[in-house]
Amino acid sequence: QSWELRLPFRLRAKQCRFAGKEELLAAVKDRMLSALEESLEESVRASGTDLASTVRAFVDSITASLAANDRAFPELLRPAAELAGRGRQAVASMQRIFEEATEPFLPEVRRQDPRAAVSAVHQMVVGSCVHRASMPRDSAPGYERSWEWYANQLSEMAIVYLTTAESAVSA
């Protein structure tokens, strides 16, 4: 049995044939993650006037991609050995993009180790978005809210964290 792939135009896909379901899933995951990486890179580069706009662009880009593909991402996020490598590659790429975009604004970060704080924000945003994407919209109160609302909340938390000096407890 062969599998056929026809993806929406926004993923710039072409029609392809695959020998099996695993090859099809790997191709879909690769194209979705590539589109996410490209969108993220474009968004943060275009936003770069200050730390807050860069953080918002980062969060908005990730949440918009997940919202646009909210039925596909949960399937693609399930752990599978053959798909895990591409996911790790995408996370590393997103971290590099975010760190490079925030580099000029590190003086705005009021944490003891600004680079570690930016890395922590990346991990928090990606981790919470992946978690939210994997949950059914009706799984718990609050999950029915829009991705746009969620992006605003994450951006605010990240900006406050980065621009607030560490307390004696966290130092």
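The expected span of a helix is 1.5 Å times one less than its number of residues. In this predicted model, helix α2 has 18 residues and extends 26 Å from its first C-alpha to its last, close to the 26 Å expected at 1.5 Å a residue.

**Overall architecture**

The protein chain contains six helices and two strands. Read from the N terminus, the order of its elements is β-β-α-α-α-α-α-α. The chain has 171 residues, of which 38% count as buried. Among contacts between residues at least 6 apart in sequence, 63% join residues at least 24 apart.

In soluble globular proteins, nonpolar side chains tend to be buried together. The largest nonpolar core of this model comprises 33 residues, and those with the most contacts inside it are Val55, Phe58, Ile62, Val125, Cys129 and Leu162. Helices α1, α2, α4, α5 (114-134) and α6 each supply at least two residues of this core. A second, separate core has five residues, including Leu24, Ala27, Val28 and Met32.

Val125, leaving aside its neighbours within four places in sequence, is in contact with Phe58, Val59, Ile62 and Leu154.

**Aromatic and charge-over-ring geometry**

A search of the whole structure finds two aromatic pairs. Phe58 and Phe98 form a stacked pair, with 25 degrees between the planes and 4.1 Å centre to centre. Phe58 belongs to helix α2 (residues 51-68) and Phe98 to helix α4 (residues 81-102), so this pair ties together parts that are 40 residues apart in sequence. Phe58 and Phe98 are both buried.

The other pair involves Trp147 and Tyr150: the ring centres are 5.9 Å apart and the planes stand at 90 degrees, so the pair is edge-to-face; the cut-off for that class is over 60 degrees. Trp147 and Tyr150 both lie in helix α6 (residues 147-163), three residues apart, which is about one turn of the helix. Both of these residues, Trp147 and Tyr150, are buried.

Two arginine residues are placed over tryptophan rings, as tabulated below.

| Arginine | Ring | Distance to ring centre |
|---|---|---|
| Arg132 | Trp147 | 4.7 Å |
| Arg145 | Trp149 | 4.5 Å |

Trp147 therefore takes part in the edge-to-face pair with Tyr150 and also has the charged end of Arg132 over its ring.

Is Glu37 buried or exposed? Glu37, which is found in helix α1 (residues 21-47), has 13% relative accessibility and therefore counts as buried, the cut-off being under 20%. Leaving aside its neighbours within four places in sequence, Glu37 is in contact with Arg86, Gln89, Ala90, Ser93 and Ile97.

Asp113 lies in the loop between α4 and α5. With 43% relative accessibility, Asp113 counts as partly exposed, because the value falls between the 20% and 50% cut-offs. Although Asp113 and Glu166 are 53 residues apart along the chain, their C-alpha atoms are separated by 9.9 Å.

Technical notes
Residues are numbered from 1 along each chain as its sequence is written. This is a predicted model: local features need pLDDT of at least 70, side-chain atom pairs count only at pLDDT 80 or more; totals for chains, interfaces and linings use all residues. Side-chain values use heavy atoms; hydrogens and water are left out. Rings of Phe, Tyr and Trp (its six-membered ring) pair if their centres lie within 6.5 Å; planes under 30 degrees apart count as stacked, over 60 as edge-to-face and the rest as tilted. Helices (H or I, at least four residues) and strands (E, at least two) are DSSP runs, numbered from the N terminus. Buried means under 20% relative accessible area, exposed over 50%, partly exposed in between (1.4 Å probe, protein chains only). A charge sits over a ring if NZ of Lys or CZ of Arg is within 6 Å of the ring centre and within 35 degrees of the ring normal. Contact means heavy atoms within 4.5 Å. A nonpolar core is a set of buried Ala, Val, Leu, Ile, Met, Phe, Trp, Tyr and Cys residues joined through side-chain atoms within 4.5 Å.
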